[in-house]
Amino acid sequence: MDERILAHPRTPTVEPKTARCAGCRLEYPRREMVYLHEETHDNLTFFNGERVCKPCARRYGVSH
Ligand SMILES: [Zn+2]
């Protein structure tokens, strides 16, 4: 789904455009991050539903 189509002036809640990486704790644009769920990671470093930046995804072996 394209976020630009959903963006509308009358939309009451605006999602933050950035999210904090679960690995390095830095903020990155959400679209550049890897969303973690059961199929993308099988280690105990992260929890399902967290996001990591791509360098961390590589570092921790998260597939995307
Ligand atoms: Zn990171």
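**Val52 and its surroundings**

Biologist: Why does Val52 count as buried?

Modeller: Val52 has 27 C-beta neighbours inside 10 Å. A residue is buried if 20 or more other C-beta atoms lie within 10 Å of its own, exposed if 12 or fewer, and partly exposed in between, with C-beta atoms placed from the backbone. Val52 therefore counts as buried with its 27 neighbours. Please keep in mind that this is a predicted model, where local features need pLDDT of at least 70, side-chain atom pairs count only at pLDDT 80 or more, and totals for chains, interfaces and linings use all residues. Residues are numbered from 1 along each chain as its sequence is written.

Biologist: How do you know where confidence is highest and where it is lowest?

Modeller: We use pLDDT, the predictor's confidence in each residue, from 0 to 100. Strand β2 (residues 27–29) has the highest mean, 96, while helix α1 (residues 3–6) has the lowest, 62. The protein averages 83, and 72% of the residues score at least 70. Where pLDDT is low, the predicted coordinates should not be read in detail.

Biologist: What makes a stretch a helix or a strand here, and how many of each are there?

Modeller: Both are DSSP runs, numbered from the N terminus: helices are H or I with at least four residues, strands are E with at least two. The protein has two helices and four strands, in the order α-β-β-β-β-α from the N terminus on. Val52 sits in strand β4 (residues 51–53).

Biologist: Which residues is Val52 in contact with, leaving aside its neighbours within four places in sequence?

Modeller: Two residues are in contact if their C-beta atoms, placed from the backbone, lie within 7 Å. For Val52 the partners include Cys21, Ala22, Met33, Phe46 and Tyr60. With Ala22, 30 residues apart along the chain, the C-alpha separation is 5.3 Å.

Biologist: What makes a group of residues a nonpolar core?

Modeller: Such a core is a set of buried Ala, Val, Leu, Ile, Met, Phe, Trp, Tyr and Cys residues joined through C-beta atoms within 7 Å. The largest one has eleven residues, among them Val52, Ala22, Leu36, Cys56 and Val62. Elements giving two or more residues to this core are β3 (33–35), β4 and α2 (54–60). Across the protein's 64 residues, 20% count as buried.

Biologist: Is Arg25 buried or exposed?

Modeller: Arg25 is exposed, because it has 8 C-beta neighbours inside 10 Å. Arg25 is found in the loop between β1 (18–20) and β2.

Biologist: Are Phe47 and Asn48 buried or exposed?

Modeller: Phe47 counts as exposed because 10 other C-beta atoms lie within 10 Å, and Asn48 is exposed with 11. Phe47 lies in the loop between β3 and β4, and Asn48 also belongs to the loop between β3 and β4. Not counting residues up to four places away in sequence, Asn48 touches Leu36, His37 and Glu38. Asn48 and Glu38 are 6.3 Å apart, C-alpha to C-alpha.
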